[in-house]
Amino acid sequence: MDEYVLTLVVRVEKNARPGQTDALETAARAVLAILADERSAGDGEWAEAMRAWQDARIRKVVRRARGAEWRRAETLPGITVTGTGGSGAPGGAPAAEVRVFPPVPLDAVPKDLAKLQVTGTDFEDPEDPPAPEPDVPVLWINPGLEMSSGKAAAQCGHAAHLAWLALPARGRKEWVAADFALAVRTATPAQWEELLRSGLPVVQDAGFTEVAPGSRTVVAAHPLLTR
């Protein structure tokens, strides 16, 4: 059976890098956008690939692009999601832009995506992000792990995906209507231990890159899953 991979590309221009939190939140929203897209369901043009991808290991890869690379990526079938920017964006950086592409077999990734760099997706927030708004889903990152921004973006995408699968149809419709509003924050050690006991969806990484096999990276705390 072919192993499929879903590619996320973050726009990183030479002198305009998104903030860390905005990039992670936008990547997670991009995953939700393709899950909810009508082309991913039923007889849609992406549906067969989406089913094959989700029936196996749900692999996601985050790459970066700028200039002509980004423009070429935009010509490929996919969805571009724009973040909110905000005070966390360093040096007045623009809102994050992430384009998500339907899954393809590992050996069939379009060359304009395959040649994009995976490394170099390290961003920063010069200020701590504010507390999440009430009733907004929060993806809580494990405070005990060191992950690159690209790795963290993939993990947040996994967490959003798990939350989507766990929601009833009503909850999914509400999330779509809210434009997939969510927040990404790093838990305190005490919060993390409590989250692990909560029964909420948790990402357990296979450990192929950066973290040890079995590491629990992100917990998805959606309000409808805590009631």
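Tutor: Gladly! Let us begin with helix length: the expected span of a helix is 1.5 Å times one less than its number of residues. Helices (H or I, at least four residues) and strands (E, at least two) are DSSP runs, numbered from the N terminus. This is a predicted model, where local features need pLDDT of at least 70 and side-chain atom pairs count only at pLDDT 80 or more, while totals for chains, interfaces and linings use all residues. Residues are numbered from 1 along each chain as its sequence is written, and side-chain values use heavy atoms, leaving out hydrogens and water.

Student: How do you know that the span of helix H1 agrees with its number of residues?

Tutor: Helix H1 covers residues 20-36, and its 17 residues should span 24 Å at 1.5 Å a residue; the end C-alpha atoms are 25 Å apart, so the two agree.

Student: Why is Asp 112 called buried?

Tutor: Buried means under 20% relative accessible area, exposed over 50%, and partly exposed in between (1.4 Å probe, protein chains only). Asp 112 has a relative accessible area of 19%, and therefore counts as buried. Asp 112 sits in helix H4 (residues 111-114). Leaving aside residues up to four places away in sequence, Asp 112 touches Arg 72 and Leu 76, where contact means heavy atoms within 4.5 Å.

Student: What makes H1 mostly covered?

Tutor: Of the 17 residues in H1, 16 are buried. Strand E4 (residues 97-105) has 7 of its 9 residues buried, so E4 is largely enclosed by the rest of the structure.

Student: How do you know which strands E4 pairs with?

Tutor: Two strands pair if DSSP finds at least two bridges between them. Strand E1 (residues 4-11) has 6 bridges to E4, in the antiparallel sense, and Val 10 has Val 98 as its bridge partner in E4. Strand E3 (residues 79-82) is joined to E4 by 4 bridges, also antiparallel; here Thr 80 stands opposite Arg 99.

Student: What makes E6 and E7 edge strands?

Tutor: They belong to an open sheet of 4 strands in the order E6-E5-E8-E7, with mixed pairing. Strand E6 (183-186) and strand E7 (202-204) each have a single partner strand, so one side of each is left without a neighbour in the sheet. From one strand to the next, the twist averages 20°; axes are lines fitted to C-alpha atoms, for helices over the stretch in contact, and angles run from 0 to 180 degrees between N-to-C directions.

Student: What lies across E5 and E6?

Tutor: H1 does, running at about 130° to E6. Helix H5 (residues 149-166) also packs on the sheet, touching E5, E6, E7 and strand E8 (216-221), and makes about 40° with the direction of E8.

Student: Which residues touch the most other members of the largest nonpolar core?

Tutor: A nonpolar core is a set of buried Ala, Val, Leu, Ile, Met, Phe, Trp, Tyr and Cys residues joined through side-chain atoms within 4.5 Å. Of the 47 residues in the largest one, Leu 8, Leu 32, Leu 139, Cys 156 and Trp 175 touch the most other members. H1 gives the largest share, 10 residues.

Student: Why is the protein called as compact as a globular protein of its length?

Tutor: The radius of gyration is taken over C-alpha atoms, and the globule rule is 2.2 Å times the number of residues to the power 0.38. The protein has 7 helices and 8 strands. Its radius of gyration is 17 Å, close to the 17 Å that the rule gives for 227 residues, so the protein is as compact as a globular protein of that length.
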